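Q: Could you walk me through this structure, one feature at a time? I would like to learn how to read each kind.

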Amino acid sequence: MPYAVWLEMTAPEPITDAAAAAQLPGLVADLLGAGWEVPAVPWLEDEDDPAVADDDEPGGAGLLDMRVVGYRDGAVIGLAVDTDVLEVATTIGASLGRHLADAAPALLGWTTESLRAVKLTAPDADGDWLPSLRDDSPRFPVAEHLRHDLLEMAAQFLIAGAIRDLHDPTGESRHTPEAVDAADLVAGAVTQHPWGREVGGRLGTLLIAVGRHEATSGARRPLTGHGGGDSALAQQLLEAVRAEIDHPALDYGDDRMRGHVLVEGFMEHHDLQWNRRTGDLDDEADERRSREQLRALLWAGLRVLATLTHDLTDQAPSPWLWLADLECDDLSPAVGVLAELDDERLTVAAEDDDEELAAAADAHVLVRAALLHPDLLDDATSDEVESALSDTEVTSGPLHHVAHDALIILGADAIATASGTTKQNKAADLLLPPLRAIEALRVDDDDVDGDPYNDLHHALEQLLPRSGGTSRRLRLARELLLLITAAAAATPDTPARVARELFLDPATTACVLLSTDDDNRAIRRLRTYILTAAAALDPTIAGSFAADLPALRSTDPRDEPALRNEITTWWNRTLQVLRRQPELLGQQPHCPDPGGALLKSATTDGDVPSGTLDDLPTAHAAVAVAQAISAISLALEAPELPVEIFR
C-alpha cells in the first residue's frame, strides 16, 4: 500500500503579494512534475524493493497523487508515494523539501517545518488518494454578511413571531408564516452566531416599548404561563419593566439606550452577563456558562413581552404589524412599509378565505339537512337554502366534495335501494357504477380498471354543473340531496352516523385550502362558520352540529374544559343581546329544548336578563346555547347575529 507524505513548508516572511500567493501552488506543482533527485536509502538494496529499482521516477517510486495549498506564511504539500516502505516515502518527502528551497528563486529561504507519513489503503470514489486541502467552509456565518440594520429587523421579526407562538398554546400558529417556534428561536439564538447577539440585543428596546403599550392600554395581566425558563426570573424582569415605565429612573430619551441599560442592569443583578468572560473558566466551560445565561435571559424576555402584549397579538396578525403597533422609536421605517404590505396581503387573503369558508359551511349545512332534517330542503324552503343551492361556488365546489364523501360512506347498496323508492333514478344511474367500482377496489386493489374515484367526481360534475340555467341547477342539486336523504333513511342510525363522520374533519371533507391558516386552525374556523350558517337556518340543525363537536368525545382532558369556556363566552354574548332586546324574553322565540328551556331560564330581574349554564353538562350546554342563538337570530330576522356571537 502507498504512503501519504505531508510536508509543511514555511516562507522566510509572510507573503503579502496576492499575485505571488495565487501563483505559488502552480509553481510547486510544476516543480513536482519536473521531478527531483532522491538519495538512496543506505541499508536498503534495490532488489529488496521493486519500487526502488525504477530510476525513471523520484527515488524509483512513482507519485500516485499530489496536493498543494498555499497560505500567507507558507504551503502544505501532499504526496501519495507508490511504495510500501516507510523509509523510502519519508526520504522522498525530505528530499522534496530541500529541492524546492533550491529550485526556484520564489522559494529561496523556505524551510521544512514538519514531515508526516501515513499509510494509505485505497483511493476514494473519485480515484483520488489524497483529500482536498482547500477549506471550503465559510469564514463567517451567512447572516454576518447582512447589513447591521437588516440583522436588527430580522431579530425583531423573529421575536415578534415567537410572541405570537407564546400567545397560541396549541402551537398550531408556528406552522404559518406569521409565527416562530419560540423554543426553536431560543435554542438557535443560544448556539448560532450572530443570533444570540442580535436577539438578545433587541430585547431591551422592545421591553420598553411593550411596557409603554401596556401602560397605555390600562390593563395588566399576570405573567404568562407559556414558554420555558425560570418563571421567578421572568416575574422579576416583568416587575423591573413595569417599575421603569411607572417611575422612570433611567435618564435616557430613546428606547434603545433606555432598554439597553435596563437589560444590562438586570443581567448584572441576576448574574446573566452571558456576553462577558469570567476569566476563571476554560473556553469550553465558559461557553457553556454563556449559553445557559443567554437561554435564561431570552426566555424571561420573551415571556415578559408576551405578557405585556396580551391584547395586541389578535389585532396584529403578523410580526411586522405587531412591531408597527408598538410605536417604538427605534424601529426602522422599513418596518412600517412591511407592515402595510402585510396588512394588504392578509386582508385580501382573509376575504378569499372567508368566501371559501362560507361556501364550505353552506355545503355542510345542506348535506346535514338532507341527512337529518330534509324538511328544510322542501320547495318552499328558506332564502338561505335557496341562495346556497343556486350558488355555483357552493354546489360545484364544497358541496361536490361533501356529497362525494357522504355517498362513499353510504355505499352503493344504499344508493341502489333509494333509487327504487324515489324519482332520482338518473342521479343513481350516474353514481352507482363508480361507487361499485370503488367498493370492488377496496376488496382487490390489484384489479384496477380505470380510476373509479375520478369517475365518481365526473358523475358529480354532471349532477352539480357549474354552468346552465339556475332552475336546472337547483333541480339537479335537490335531486342529489334527496337521493342522499333516501339512502340514509334505510337504516335508523345511519343519518346521524354519516353526519357525525362528515363533521370530524370538515375542512378536508369540503376540500378547503386556506392561504392564512394551518390545517388545524382551518378546521376550527370552519366549524365556527358551520355553526353560524346552521344557526341562521334553524335551531334544530344548529343544535345537531353543536352536539357533534369533537371536543365532546375527545379523550384529551383539556378539550372539554376549553369547549366549556367557549360555550360560556357564547352565552354571555347572547345575554348581552337580550339586555339590548329585553322584549324577546316576553315573546319567547320558538326554540326546541334544551335551548328553549335555557331561554326560559333567562328571566328578567330588574330588566337584567339572567340565566346560567352551571347545572347543564357541557354536551347539553353546547346544544342549548346553539339553539338559543339560532332562535334569537330568527326572531330578530338578524342572520348576522350568529356571526357576532360565534366568532
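Predicted model: local features only at pLDDT ≥ 70, side-chain atom pairs only at ≥ 80, totals over all residues.

Q: Where does Arg 67 sit, and what does its side chain make a polar contact with?

A: Arg 67 belongs to strand S2, which spans residues 63-71. Its side chain makes a polar contact with the side chain of Asp 65, at 2.9 Å. The side chain of Arg 67 also reaches the backbone oxygen of Pro 131, at 3.3 Å.

Q: How do I read a sheet, and what is the order of the four strands here?

A: Here is the general idea: strands of a sheet pair through backbone hydrogen bonds, either parallel or antiparallel. In this model, the four strands form an open sheet in the order S2-S3-S1-S4, and the pairing is antiparallel. The edge strands are S2 and S4 (111-119), each of which pairs on one side only. From one strand to the next, the twist averages 15 degrees.

Q: Can we pick out a residue of H2? How far apart are Ala 94 and Leu 115 in sequence and in space?

A: Ala 94 is a residue of helix H2. Ala 94 and Leu 115 are 21 residues apart in sequence and 7.4 Å apart in space, C-alpha to C-alpha. With 30% relative accessibility, Ala 94 counts as partly exposed.

Q: Now a helix on its own: which residues of H17 are buried?

A: In helix H17 (residues 494-504), the buried residues are Thr 494, Pro 495, Val 498, Ala 499, Leu 502 and Phe 503. They cover an arc of only 160 degrees around the axis, so they are on the same side of H17.

Q: How do I read aromatic pairs, and how many are counted here?

A: A pair of aromatic rings is described by the distance of the centres and the angle of the planes. The count in this model comes to three aromatic pairs. One of them is Phe 157 with Trp 320, a tilted pair at 4.9 Å centre to centre, with 50 degrees between the planes. Phe 157 lies in helix H3 (residues 148-166) and Trp 320 in helix H9 (residues 319-324), so this pair ties together parts that are 163 residues apart in sequence. Phe 157 is partly exposed at 21% relative accessibility, whereas Trp 320 is buried at 13%.

Q: What about Trp 570 and Phe 646: how far apart are the centres of their rings?

A: Their ring centres are 4.9 Å apart and their planes stand at 85 degrees, so this pair is edge-to-face. Trp 570 lies in helix H21 (residues 559-580) and Phe 646 in helix H25 (residues 641-646), so the pair ties together parts that are 76 residues apart in sequence. Both Trp 570 and Phe 646 are buried.

Q: Finally, the backbone: what should I look for there?

A: Most residues other than glycine have a negative phi, and most peptide bonds are trans. Here, a cis peptide bond joins His 193 and Pro 194, with omega about 5 degrees. Pro 194 is in the loop between helix H4 (182-191) and helix H5 (195-217). The peptide bond from Asp 593 to Pro 594 is also cis, with omega near 10 degrees.

Q: What is the phi of Asp 271, and where does Asp 271 lie?

A: Asp 271 has a positive phi of about 55 degrees, although it is not a glycine. Asp 271 lies in the loop between helix H7 (255-269) and helix H8 (283-308). With a relative accessible area of 54%, Asp 271 is exposed.

Definitions and conventions: Residues numbered from 1 in each chain as written. Heavy atoms only, no water. Helix = DSSP H or I, 4+ residues; strand = E, 2+ residues; numbered from the N terminus. Polar contact = N/O pair within 3.5 Å; in protein donor to acceptor, adjacent residues only side chain to side chain. Buried < 20%, exposed > 50% of the residue type's maximum accessible area, 1.4 Å probe, protein only. Pairing = 2+ DSSP bridges. Axes fitted to C-alpha atoms, helices over the stretch in contact; angles between N-to-C directions. Arc of directions from axis to C-beta. Phe/Tyr/Trp six-rings, centres within 6.5 Å; stacked < 30°, edge-to-face > 60°.
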